[in-house]
Amino acid sequence: MRTRPIPSADGVRFEIVTRDGVGAEAGADLDRLTAFTYLTVPDRATHLAIMRVFTSTLLADLSAHDVAERLPGDLQPETVATKLEQLKGWGNLIPSSRPVKAVSIREYHRARSRFQLSPLGERIQRQADEILASADAAREVSRELLALVARGLAELGKAEERPGGVEPREGLERISTLFAQFGQFADSVRDFYAYLGQVIFRYDLDGAEFTGFKELLLDYAETITEDVAYFAPQIEQSLTDLWPRLPDLLARVDANDRGLSALRQADITIERSRGRDLSDWAGLKAWFFDDTGQGSQVDQLRDATLRALQALLANAKRMIRSSTGELSRRKDLLKLAKWFDTADEATAHDVFVGAFGLYGARHLGGVPDVDSDVPATTSWWDGPTAPVPIALRERGSRALRGRTASAEDYAAQRERLRKEAEEEAQRRHAAAAELRAASANLAEVRLSGMATRLLLDMLARSLAGAAPHFAQTVSADDDLDLRIRLISAPGRRTVIRGADGDLVLDELALAISAEETGEEETA
């Protein structure tokens, strides 16, 4: 365990960090990463299409039937319902709290389970669409924004030096503009250097690629570094002068425009606009100059440019040596690959023999499976492959390394699953007892979430097995000692008040009783 310095208004505070580098208070937040699961599962195309249906409108409130009707193809509502439940489990969707009013069995099935986007799910889907829409290309750095950031900081500092300081509305506009410009500039720098790192360290650059990247580094990247070096001292001076006045300036801005601060009284976490908190200014300060001994982003920018230039020089040396035949035969191998690509099967065998001196081997290495009967005339290309151990493939040795792993003990996992099953059974029995107790005055009692879900599940089972025009239908659960009878009652209106909203059953009556006694109360 160690400590990590965090900038604050009065200097630097320290946060406790665990062995794996995660803050003790931030460990629980890692569970939110589960919301990215739908982007990695094999059926991610269907999940993406479903999430795009939800993000296509604001405040979407959709059931499985609604989503199935908007999806391309012929996905069944039952399949869509399964996907919606998975997205709810991952945290991308949340159940809708809108009251359900069913005038028919068909409408009840269509409207029973409705979902809405969670804030985290909406943000992840928006970012996923941005990534899928972006091309794998070099992004231009918005260098002109750096001059605007330097000018904006200087003007904000001068305005704050006036008697009474800058007017709150003007200060908010300047702060928002300043951080929007800085955010776009910083993002473009990261994207550009990520692309540069992807291509500049390749060892197989040809002449045209090398010339292009040479101009990119010597002209473009060097210009970026020079601009940053020119404006960084100005920004550092402006931030140093403005820093003592920042707490008062931010307090005046918050007093004039509180935004969503009122939600804090309800213990709701809010995400402030960039620049409204002192931590945002600490991040801006750490980007341009180092006052904690950990290095600034400007220093890292210089180091990254230097490493890229060194990689470019290494590529230049390689190309010079390869031109004299001392190192690489890249062009010869590319020419050979082109011959293979354009040749028919017989010509490809002849080219292979001529290039590598290997003749018609049928089976290479390994003893074939005793259950498979492979004729001797079968080509090695079409025959089954022989498994080759990693040690033999990489080191040419069959000797085993390391200790034999012991069998994993799953006792803790089994115990955890058993406890979870017991707790779930206890909650269901408690919900059944709550339904039996509330059977006499069901319309006046608001059921808990677990009792509501149990009642809806049993109603769904009753309706699933009922005839089109039924007089009554029964659903029973022997383990829970619960029996629910749904009775056709023209002119009757039954209201069930649950934790997530009200369910209205038109022309239906509901009777709940214990399975063993059969004594029931009709609501």
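Predicted model: local features only at pLDDT ≥ 70, side-chain atom pairs only at ≥ 80, totals over all residues.
**Helix α1**

I started with α1, which covers residues 44-55. I counted 12 residues in this helix. From first C-alpha to last, α1 reaches 16 Å, close to the 16 Å expected at 1.5 Å a residue.

Next I asked which residues of α1 are buried. My list reads T46, H47, L48, I50, M51, V53 and F54. I kept a reminder here: an α-helix has 3.6 residues a turn, so residues three or four places apart point the same way.

Then I looked up what the buried residues of α1 pack against. Among the helices, I found α2 (64-70), α3 (77-90) and α5 (119-133).

**Serine S188**

I moved on to S188, which sits in helix α7, residues 168-200. Is S188 buried or exposed? I put it down as buried, because its relative accessibility is 0%.

I also checked its side chain: a polar atom there lies 2.7 Å from the backbone oxygen of F185. Setting aside neighbours within four places in sequence, I found S188 in contact with R139, E140, V141 and S142.

**The patch around F36**

Which residues make the nonpolar patch of about 280 Å²? I wrote down L30, L33 and F36.

I followed up on F36 and found it in the loop between β2 (11-17) and α1, so this entry leads back to the helix I began with. F36 has 35% relative accessibility, so I marked it as partly exposed.

Terms used
Residues numbered from 1 in each chain as written. Heavy atoms only, no water. Helix = DSSP H or I, 4+ residues; strand = E, 2+ residues; numbered from the N terminus. Buried < 20%, exposed > 50% of the residue type's maximum accessible area, 1.4 Å probe, protein only. Polar contact = N/O pair within 3.5 Å; in protein donor to acceptor, adjacent residues only side chain to side chain. Contact = heavy atoms within 4.5 Å. Expected span 1.5 Å × (residues − 1). Patch = residues over 30% accessible without salt bridge, like charges linked within 9 Å, V, L, I, M, F, W, Y side chains within 5 Å. Areas by Shrake-Rupley, 256 points an atom, 1.4 Å probe, with all protein chains shown as cover. Salt bridge = Lys/Arg side-chain N within 4 Å of Asp/Glu carboxyl O.
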